Structure formats: structure tokens, C-alpha cells
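Student: Could you walk me through this one, a piece at a time? I'd like to ask as we go.

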Amino acid sequence: MPDPSVSAELLAIYLEDARGQLEGLDHALLSLERDGFDPAVVATVLGPLHTLKGNSGMMGFGSIKEYVHRLEDVFASVSDGGLALDTEVFDRLFAGASALRDALEQACRGGVEVRDLAPEMAQLDALLAADRPSSPAPARAEAPEEGLAGLEPSDAQRAVETRYVAARSSTVRVDFSQLDHLLNLVGELIIFRTKLDEVGKEMAEKLGGRDAGRDLVSAVQQVAGVSAQLQETVMDIRMLPIRHVFERFPRLVRDLARQQGKQVELIMEGEATRVDKAIIDEIGEPLLHLIRNSLDHGIETPAVRVSRGKTPTGTILLSAVQESNHVLITIMDDGAGIDAQVVRRKAITRGLLKGDEGLSERELVQLIFSQGFSTADQVGELSGRGVGLDVVLKSIERLNGLVEVETVPGVGSKFIIELPLTLAIISALLVEAAGRTFAVPLGPVMESLKLRPEDIRSINGRDTLRLRDRIVPLIRLAEFFGLPEGASPEREYVVILGRGDKRVGLVVDRLRGQQEVVIKPVDTAIAGAAAATALAGATIMGDGRVVLILDVAAFFEGRRHSLVLPRSEAAAPPVA
């Protein structure tokens with residue numbers, strides 16, 4: 001039965017620490033396997049294992065504690081030269097690390113140990129029995145007893161106790177929901193700050209140049225400055241290094257490469273790039289699919305690579321870099337690349353493309369993101385089911401991001417993901433249609449321009465706009481949502497939206513400028529279940545008005561939604 005003295009909060013803290021310690025173990029094993037024995041690397045493992053052992057005992061997880069203790073013995077034997085690291089040893093240690101991770105996760109779910117680690121324990125015992133030298137290895141100094149050999153036991157104990165009591169922490173654990181609540185409060189403050197600014201300007205004009213008017217304007221400006229700093233601070237607290245995601249993949253690449261008989265090196269860059277924790281939590285799955293895609297479809301076997309004049313070992317680059325208020329994540333491999341004509345044949349076979357439909361090679365390659373698309377001839381463990389890259393596209397769009405692919409057959413492929421640094425506050429273009437104001441996330445906005453009647457061309461009964469070298473389909477925002485039509489505006493504007501290599505023009509009555517907005521969720525009971533799928537949320541303006549934030553992906557899916565009355569969905573112009 002679970003120990004009643006162990007709270008759910010304590011379990012969560014233990015599990016979070018344990019995950020970090022096991023990630024460190026994985027990275028140390030990968031480093032030792034790749035670069036050979038390094039005593040410094042082995043030393044970095046012993047400290048976290050010792051901590052994990054102590055924490056596991058405190059939680060009442062005796063079996064896990066004993067297994068971690070046995071892992072310590074193995075690494076101590078490696079450090080002392082009694083155990084040589086070879087392929088068999090690495091396989092057992094990697095398998096043992098996976099079993100330990102599974103045992104930890106299961107134990108923390110119910111507060112009691114479930115997974116039996118006896119088989120893995122026997123594997124470690126066999127390693128120690130087979131490779132331990134006949135003469136006993138020198139005894140290890142137990143932390144934090146190291147460095148205290150010259151002191152009397154009582155003095156050593158006193159030094160340990162003093163250091164323990166005097167230790168201070170520079171971090172505080174805070175539940176993420178509390179940060180969300182704090183951000184909501186900051187969002188409310190921003191809304192009222194805008195309102196206060198408007199009222200302040202009106203009062204200052206009425207008071208003219210009198211001191212009271214100047215004091216009011218100065219006070220409003222100070223409030224605006226402090227609230228802006230508060231917003232930046234709260235946003236910064238929510239930001240985490242993207243290495244929290246990247247660190248999951250070296251072990252994955254190592255295991256999958258061995259399964260397929262391939263040699264693959266994963267290079268990671270920009271792990272210190274910071275993004276919102278909400279994005280950290282969501283980006284793992286799409287990156288997993290892209291890395292598996294590069295491994296399965298991209299990187300060739302050593303023999304094939306050598307026959308093509310390449311090195312036997314393939315390379316996958318995973319990098320992140322911040323550009324303005326966005327982060328760019330790149331997954332690049334030096335594998336076989338993507339043949340656009342193979343994509344075309346598969347797309348026609350699967351009914352995704354008509355035989356006489358003409359697309360550029362770039363447009364053809366983008367079809368790999370279509371639902372149900374796969375270039376694999378056989379269904380395997382990693383591919384062939386047509387599930388993967390369509391999930392990537394949907395996940396990235398749900399994060400208000402974009403994903404594009406560049407490829408050269410025989411040379412390799414590069415997937416580029418562009419994401420906002422945060423999901424809580426975004427820059428948006430405010431537009432007006434049928435007397436209502438909407439917010440369009442700025443990320444997918446390519447450009448905006450005045451729309452003249454003579455610029456519109458009807459093709460098969462659908463309005464289009466010729467924009468330089470392409471024909472862009474037009475979608476009228478009021479018609480898209482089934483809003484009642486008022487008097488025809490004197491002039492219209494078109495906002496060009498981009499999704500990969502596709503473009504669509506959103507026709508609106510007016511452009512009201514750019515503004516940072518705080519995203520609030522929209523209840524389907526208010527907007528309707530169908531319409532909610534076309535909305536990314538809502539925001540509150542300084543005057544108290546609620547403005548809906550558009551989900552740009554909806555305009556590329558060719559469906560209309562009603563914000564007024566329930567109605568059947570009708571087909572909208574397909575996207576070029």
C-alpha cells in the first residue's frame with residue numbers, strides 16, 4: 001500500500017528530480033559509448049545516482065533504491081578499472097536504465113512499487129561477478145565525506161552538519177498553474193492599463209496645460225512602464241531552455257539506429273534557447289515524428305551510404321535559434337532526400353492528387369504533410385501507416401506556428417519549424433468585417449494591401465487575386481462566419497496568409513493596426529462547436545470589448561463556420 005506520509009506533491013517533486021537524474025545517466029552512457037572511457041564522465045554519474053538512491057529510500061521505494069545502489073557499484077567498478085565497457089555492457093546498462101525509468105514512472109503513479117527489477121538486478125550482478133578484479137578495489141569515499149580524510153570523525157561529522165544546515169537554495173518550486181493564474185492577472189492589468197491610458201489622454205485634454213493634467217499623464221506613463229516590466233518578468237519566468245525537449249532524443253536516436261542497423265550521429269545546437277513552458281510541453285511529439293522520419297526515410301544504411309560516396313555514419317542536426325519574437329527549430333539530415341516525383345506517384349495512388357494536376361516540385365514535397373500520406377512501400381514499426389507528418393503539421397499549427405521542408409534528392413532534407421516564443425501573449429493584426437473586430441495572429445500574415453474590384457478575377461466561380469507570380473484564392477471573413485451583410489464598404493482590404501508554400505487572401509472591411517493581445521479560451525457553448533474550431537481564442541480590449549482570435553489553419557481547410565446560427569458547413573474555395 002502507498003505510504004500515507006508521502007503526499008502527491010512530494011511524489012511529483014521526486015519524479016521530476018528522478019527524470020532529470022535518469023536523463024543525465026542516459027547522456028553519460030551515450031558519451032562513454034561514443035567517445036570511450038572517461039573518468040570525468042563516470043564521476044558525473046555517481047553523484048546523481050547517490051541522490052536518486054537516497055530519495056528513493058525516503059519515498060519507501062526499497063527495490064528501486066537497491067537497484068540504483070547496484071548501478072553505483074557497477075560505475076564504481078568501471079571507474080576503478082575492474083569492469084571494461086564493451087557492447088554487451090552498454091546494452092545491459094541501457095536496458096537497465098530503461099527498466100529503472102519504467103519502474104519509477106509506475107511507482108509514482110500509484111505511490112507504490114509495481115515493476116519487478118529482479119531480472120535487471122541479476123544482469124548487474126552478473127557484470128560485477130564476471131569483471132571484478134581478484135584484488136579488492138580501493139574503498140570509495142561516500143559523499144559528502146570526500147575531502148575530509150584529514151579530520152577526526154567527530155570533526156568530519158560536524159563539518160558535514162554545518163554545511164548541510166548553512167546550505168541555501170536559490171530556487172523555489174512553483175506549480176505551473178500558479179504562473180498561469182499570475183499571467184491572467186497580468187493580462188487583466190494590461191487591459192485596464194490600456195483603458196487607463198485612453199481615459200488619461202481624454203482628461204489631460206480637458207484639463208489643458210494645467211499641472212493636474214501633466215501629473216495625470218505622468219502617472220499613467222509610470223503605471224504603463226511598471227506593468228510592462230511586470231509582464232516581461234512573468235513571461236521570462238515561464239520560459240525554459242529548449243534542452244528540456246532536446247535531451248529526450250539522443251537515447252532515442254541511438255536505440256532506433258541500432259534497430260535498423262544504421263550508424264547515426266545526432267548533433268544538437270542552441271539547447272539554451274528559451275521558449276514558453278507551454279510550448280516545451282507540446283513540441284516533443286512533432287519533433288519525435290520528424291526525427292523518426294529522418295532516421296527511417298532519410299538516413300541510409302552504412303553500405304548504401306558508402307556506395308553513394310558518403311561516410312558510413314549519417315548525421316541528424318537538431319537546432320534551435322531565436323529570431324525576434326519567434327524560435328526556429330531545424331531538423332536536418334544528410335540522407336537520401338525526398339524525390340518529388342515519387343511523392344507525386346504516391347499522392348496520385350492514394351487519391352491525394354489528380355493525375356493531370358500540375359504542381360511545382362516544392363508544392364509536391366509539401367504533400368508529405370497530407371493525412372494518410374507515406375512513401376513507404378511496407379508498413380513497419382516506424383513508418384508506412386500514413387501517420388506522422390500530418391500530426392506534425394496539425395500540432396505546429398495548433399501552436400500558431402509554421403513548418404516547411406527543403407530537400408535535395410541524394411543530399412538530404414531540412415525541416416524548419418517556426419514557433420512563437422509564447423502562447424499566452426501574441427502579436428496580432430486587428431481587422432474588421434461586418435462591423436465586428438477580429439484578431440489575426442501575425443505569424444502567418446505575409447502582407448496586407450488594398451483590394452480594388454478590378455483586381456478580383458473569377459475562376460470557376462471563385463474569387464481570386466493575382467499576386468505577382470501566383471493566383472491566390474480569396475475568402476471573405478464575413479461570409480466565412482456567416483455574419484449578416486451590411487452596406488458594402490467603400491474599399492476592402494486583403495490580408496495574405498501563408499501556410500508552408502500555400503497562400504490565401506482574407507478579405508476584410510478595415511485594418512485596425514497591430515497590437516499585443518492576451519489569449520483567453522473560448523467556450524464552445526458560446527461560439528458553437530464548429531465555429532470554435534476556427535478560433536484560437538479571444539481577447540479583451542481596453543474598452544471592454546471581446547475580440548475573437550482567428551485560427552489561421554481554418555482558412556486553409558476549405559470550410560465555412562457560423563458564429564450566428566447553427567448551419568450545415570458548405571465547401572469554401574480550395575487553397576492554392
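Student: At what angle do helix α1 and helix α3 pack?

Tutor: Quick note before that: this is a predicted model, where local features need pLDDT of at least 70, side-chain atom pairs count only at pLDDT 80 or more, and totals for chains, interfaces and linings use all residues. Residues are numbered from 1 along each chain as its sequence is written, and side-chain values use heavy atoms, with hydrogens and water left out. Helix α1 covers residues 8–35 and helix α3 residues 62–80, with axes 14 Å apart and an angle of about 25°.

Student: Is α1 roughly parallel or roughly antiparallel to α3?

Tutor: Axes here are lines fitted to C-alpha atoms, for helices over the stretch in contact, and angles run from 0 to 180 degrees between N-to-C directions. Under 35 degrees counts as roughly parallel, over 145 as roughly antiparallel, 65 to 115 as roughly perpendicular and the rest as oblique. The angle is about 25°, so α1 and α3 are roughly parallel.

Student: Which residues of α3 make the contact with α1?

Tutor: Contact means heavy atoms within 4.5 Å. From α1 come Y14, L25, L29 and L32, and they meet α3 at I64, L71 and F75.

Student: How does α1 run against helix α2?

Tutor: Helix α2 is residues 39–59, and its axis comes within 9 Å of that of α1, crossing at roughly 155°. Among the residues in contact are L22 and L25 of α1 and V45 and L52 of α2. With a crossing of roughly 155°, α1 is therefore roughly antiparallel to α2.

Student: Which two residues touch the most other members of the largest nonpolar core?

Tutor: A nonpolar core is a set of buried Ala, Val, Leu, Ile, Met, Phe, Trp, Tyr and Cys residues joined through side-chain atoms within 4.5 Å. Buried means under 20% relative accessible area, exposed over 50%, partly exposed in between (1.4 Å probe, protein chains only). This core has 47 residues, and the two that touch the most other members are L287 and I329.

Student: Which helix gives the most to this core?

Tutor: Helices (H or I, at least four residues) and strands (E, at least two) are DSSP runs, numbered from the N terminus. The top contributor spans residues 277–298 and gives seven residues: helix α11.

Student: How many bridges join β8 to β16?

Tutor: Strand β8 is residues 425–433, and L429 in it stands opposite Q514 in β16. The two strands run antiparallel, and the number of bridges is eight.

Student: Is V408 buried or partly exposed?

Tutor: V408 is found in strand β6, residues 402–408. Leaving aside neighbours within four places in sequence, V408 is in contact with A336 and G337. Its relative accessible area is 46%, so V408 is partly exposed.

Student: What phi does N460 have?

Tutor: Most residues other than glycine have a negative phi. N460 sits in the loop between β11 (456–459) and β12 (462–467), and N460 is exposed, with a relative accessible area of 75%. Its phi is positive although the residue is not glycine, near 55°.

Methods
Two strands pair if DSSP finds at least two bridges between them.
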